[in-house]
Structures are given as C-alpha cells and as structure tokens.
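Hi everyone, thanks for making the time. I'd like to walk you through one structure today, so please have a look at it before I start talking.

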Amino acid sequence: MSTRRLQKIKGGSYIISLPSEWVRKNGLDVKSELKVYEIYDGLKIKPERKINNEREIILRDLNETLYLISVYYMQGIEKIIVKSDNVMSQEVKKALRELQLTHAGLEIEDETFNKIVFKVNLPVSTDLNGLVSSFVDKIRKLLYDLRVLGKFDKEIKEDLITRCDILMKDYRVIIRNIAIGVQLDDLYNFGLPFKDIILYAIFMRDLGRLISHLRTFLMLTDEKSIPSTELIDTLISMFTSATSMFMTENLSDIQQIRRNMKMIEEKCNTTIEACKEFVRMASYCVAIMDDAVHKSVRLI
C-alpha cells in the first residue's frame, strides 16, 4: 500500500498518480481506460474486464451436473450449457428441466438430443437489506405455523414442506444477488460496507441451513415427536431475537438466546430423529446471533 497526494489541475479536477508496478501488472499503458466509481466508503479504480458469465458442463453424472448448475446459478453465471457425449435420456432431460421450478429466472434457451442450454433471466436487486428482511419474515411466519402441527393434519405438514422448498428458491436468488453485487460492484452498488456484505452472505448461509433442518424435521415428525407448544414458542423467540439482532445490531438478547438454547437441549428427546433436527434448528439461531455480534464490531 502507498499513500498518494491529491493534486488539483486546471478546470477544477483532481488527480493522483498510480503505482507503476500496478499499471505494469495489469498490462496497462497511457491509453488504457479505467473504471472509477464510488463505493460505500470511497472510490474504486479497476481496469476494464470481460465478464466471464458462461459455463459448459459435460454430463457424466446427473447428480453432479444438477449440483454444478445450481452453484453456477447462485454465483451469477448467465448461460449454462449442458452437453452429453450420447443422447440424453428423457429421465435426465426431465431432471434438468425441473431445475426451472427451483431456480427463479432459469430458462431453457436451446435444446438438442444431447444438449440443453440454460439462460438466467433475473434482474439484480441492490436492496440487499430489503431482500433479506423479506426472507426472514417468511421464515418467521413458517415457524409460527409450526404451532398447528399439534393437530397433525397431513395437508398442513405438506404445506409447510412446500413452503420450505419455496424458501430455498428465494435463498438461491439472494445468494445470486450477493455474488453478482460483490463481483460487479461497478454495476450494482449495495451501499453497504464490504464487511457487512460478507456477513450478510454468512447470515444467509445459516438461514439456509436452518430451513434445511426445518424441512428434515417436518419430513421426520409424527404424532409422537411433535415438540410442545412451549418448545416451538421458544424456538420462535430465539429466531426472532437473533435475526432482529442482526438487522439492528442491538445485542441485548444474547443471554436470553443462550438460556433458550440450553432449555431446548434439556427438554428435547434427542433419541428421536425429528427432535434432533429441532435442536439443530435452535443451534442455527445461536449461529445467527453470532453473525449479528460479528456484524456489530467495526474498526472504522
């Protein structure tokens, strides 16, 4: 790092010199154009770069291919080409087409007997706080609806599982927004410190894992393994306090969240698989609290 003195030139503009080593390393010369734009806490300068937003997958294993498509989608790739050395079976094509149901904006642009080309048609939102707040609210409402599990209505259980799947679809959209916004900050400005954006990504990871355990809990639960209303209300309280702490950076509920975690561990029958998942959900509320504490600490 070097410190450069700001200089004023005719016409009222200001200039600084650039380190010659940086110019050489980036293959620049006196005619090169640089992007200069404002970020949350200053200005950023970077060379023009070609956006590498296309990936090709050779189909070997279906599960691996489905996984890679999902990763590429979440990391901001716009065009994903899946090719096979042989004719794709209808079973494989059906599995690939169904990704459109779980990944918002993912569309099939082209298709042949051995190839499917996906295109992502999804706008990027720079309102990261709004996206995440809405996502948190949907999870909270789903947790509140766990109270009706006591009736053990099959339709209610199926509704809750479906809503978990929809939440994971929303989760992928938000992760995609973060990935694109961080890499293309000249085009999309979240208006947040870079440290906060990192912690939003960690926060979303923990929310995603909570949803995964919630879905597993719902799949496993039956009349004998439904937690008491007291335990469900305690989980809701933990989630509400931890997520509010992340948004507001008010850390007053730390001890209460820890006490609630201890109570859930003591009262849940962890010999039952569904109850183990319930405890894991609570543990991710503690992880979210931890995210909030880290977010509240700043050097500048």
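Let's begin with the lining of the largest pocket, where helix 6 makes the largest contribution, four residues. Keep in mind that this is a predicted model. Helix 6 and strand 4, which covers 42-47, each give at least two residues to that lining. The space inside the largest pocket comes to about 510 Å³. Its lining counts 25 residues, and the closest to the centre are Ile-51, Asn-52, Asn-53, Gln-183 and Leu-184. Sorted by class, the lining holds 11 nonpolar, nine charged and five polar residues.

On to the second largest pocket, with about 230 Å³ of space. Here 15 residues form the lining, with Ile-39, Asp-185, Leu-192, Phe-194 and Ile-197 closest to the centre. Which elements give two or more residues to this lining? Those are helix 6 and helix 7. The classes here are nine nonpolar, three polar and three charged residues.

So how do those two helices sit together? Helix 6 spans residues 154-183 and helix 7 spans residues 194-220; they pack at about 160°, with axes 10 Å apart. An angle over 145 degrees counts as roughly antiparallel, and helix 6 and helix 7 are therefore roughly antiparallel to each other. The crossing of helix 6 past helix 7 is left-handed. Their contact is made of 19 nonpolar, two polar and four charged residues.

One last item, from the records: an unreviewed UniProt entry puts "domain: SpoVT-AbrB" at residues 8-53. In the model, that stretch is 33% strand and 13% helix, and its end C-alpha atoms lie 39 Å apart.

How values were computed:
Residues numbered from 1 in each chain as written. Predicted model: local features only at pLDDT ≥ 70, side-chain atom pairs only at ≥ 80, totals over all residues. Heavy atoms only, no water. Axes fitted to C-alpha atoms, helices over the stretch in contact; angles between N-to-C directions. Parallel < 35°, antiparallel > 145°, perpendicular 65-115°, else oblique. Left-handed = near helix turned anticlockwise from the far one by under 90°. Nonpolar A, V, L, I, M, F, W, Y, C, P; charged D, E, K, R; others polar. UniProt positions renumbered as here; feature names shortened; annotations may be inferred. 1 Å grid on protein atoms, 1.4 Å probe; cavity = no way out; pocket = protein on both sides within 12 Å on 5 of 7 lines; lining within 4 Å. Points joined across faces, edges and corners; volume = space filled by probe spheres on them.
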